[in-house]
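Here is a note for a colleague who is meeting this structure for the first time. Please read the numbered points with the sequence and the model side by side.

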Amino acid sequence: MKEKNFYGSKKLYRAILTGCLIAIVGISAVVYNLSVPKNPLQNSSISSQALTTRTLKTISENNEAANVPATGIPKPTTTTTTATTVAESEKPYTGNFAAPSAGKVIKDFSEGEMVKSETMGDWRIHNGTDFTAGEGESVFAIQNCTVVNVDKDEMWGVTVTVLCPGELYVKYCGLADNLKIKKGDKLKKGAVLGNAGALPIESALEGHIHIETSVGGEVVNPLSVLNLL
């Protein structure tokens, strides 16, 4: 009776052991299947595509960031322009100029500052330069020019405006009323333009002529034009 129980127990033990081995093998197979990709080539392709997409996005973001300053406003696109060249003979302040008279400077251009007028007794801007010239003395063209205006003013006397190369306008004030030139006449540098006359607005000074120069509508220092500074 005891021998029969012994063999029964032995069979039961073997059955349990066999079941355990089968379970272990099954679990191992499942774990292995889960750990190995079903399509390695496909996964590799997906990873490569994802990497390429991230790389392109990073490059694009870096380019955009480089074009955005601290203000967050994109930098303007710069364009290259070609400077227009002007012939030397057409530039203002070039070449040799003749003095408007044989005299000296007695009152400078005021550079936009108010100065005392000895004649009018007030403060005003002096937009020209005064050169001594006794009544009747010759007044000269400072450069080759064309007469563009001849006028007579109650305060500035007889005035003549000429146009020189480089859009340089020169206005002579205080000429005598015996002019032989007229609008449209062309004069060479150093040619006699007229004679010194009366200049009521600056009569407190010794005999002189008043010269004003401008380029592009802006009054400039005559001494700069004449290279006398």
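1. A search of the whole structure finds 4 salt bridges, a salt bridge being a side-chain nitrogen of Lys or Arg within 4 Å of a carboxyl oxygen of Asp or Glu. The model is a predicted one, in which local features need pLDDT of at least 70 and side-chain atom pairs count only at pLDDT 80 or more, whereas totals for chains, interfaces and linings use all residues. Residues are numbered from 1 along each chain as its sequence is written, and side-chain values use heavy atoms, with hydrogens and water left out.

2. One of the salt bridges joins Glu118 to Lys107, with the closest N and O atoms 3.4 Å apart. Glu118 lies in the loop between strand 2 and strand 3 (123-125) while Lys107 belongs to strand 1, so the pair ties together parts that are 11 residues apart in sequence. Helices (H or I, at least four residues) and strands (E, at least two) are here DSSP runs, numbered from the N terminus. Glu118 counts as partly exposed, at 47% relative accessibility, whereas Lys107 counts as buried, at 15%; buried means under 20% relative accessible area, exposed means over 50%, and partly exposed lies in between, with a 1.4 Å probe and protein chains only.

3. Lys152 and Asp177 also meet through their side chains in a salt bridge, at 3.2 Å from N to O. Because Lys152 sits in strand 6 (residues 145-153) and Asp177 in the loop between strand 8 and strand 9 (186-187), this pair ties together parts that are 25 residues apart in sequence. Both Lys152 and Asp177 are exposed.

4. A further salt bridge links Arg124 with Asp122, where the closest N and O atoms are 2.7 Å apart. Arg124 is partly exposed, with a relative accessible area of 30%, and Asp122 is likewise partly exposed, with a relative accessible area of 28%.

5. Thr132 itself lies in strand 4 (residues 129-132) and is buried, with a relative accessible area of 11%.

6. For the chain as a whole, there are 3 helices and 12 strands, and of its 229 residues 25% count as buried. Among contacts between residues at least 6 apart in sequence, 63% join residues at least 24 apart. The accessible surface of the protein chain comes to about 15,700 Å², of which 58% belongs to carbon and sulfur atoms; such areas come from the Shrake-Rupley method with a 1.4 Å probe, and for residues only the protein chains shown count as cover.

Conventions: Contact = heavy atoms within 4.5 Å.
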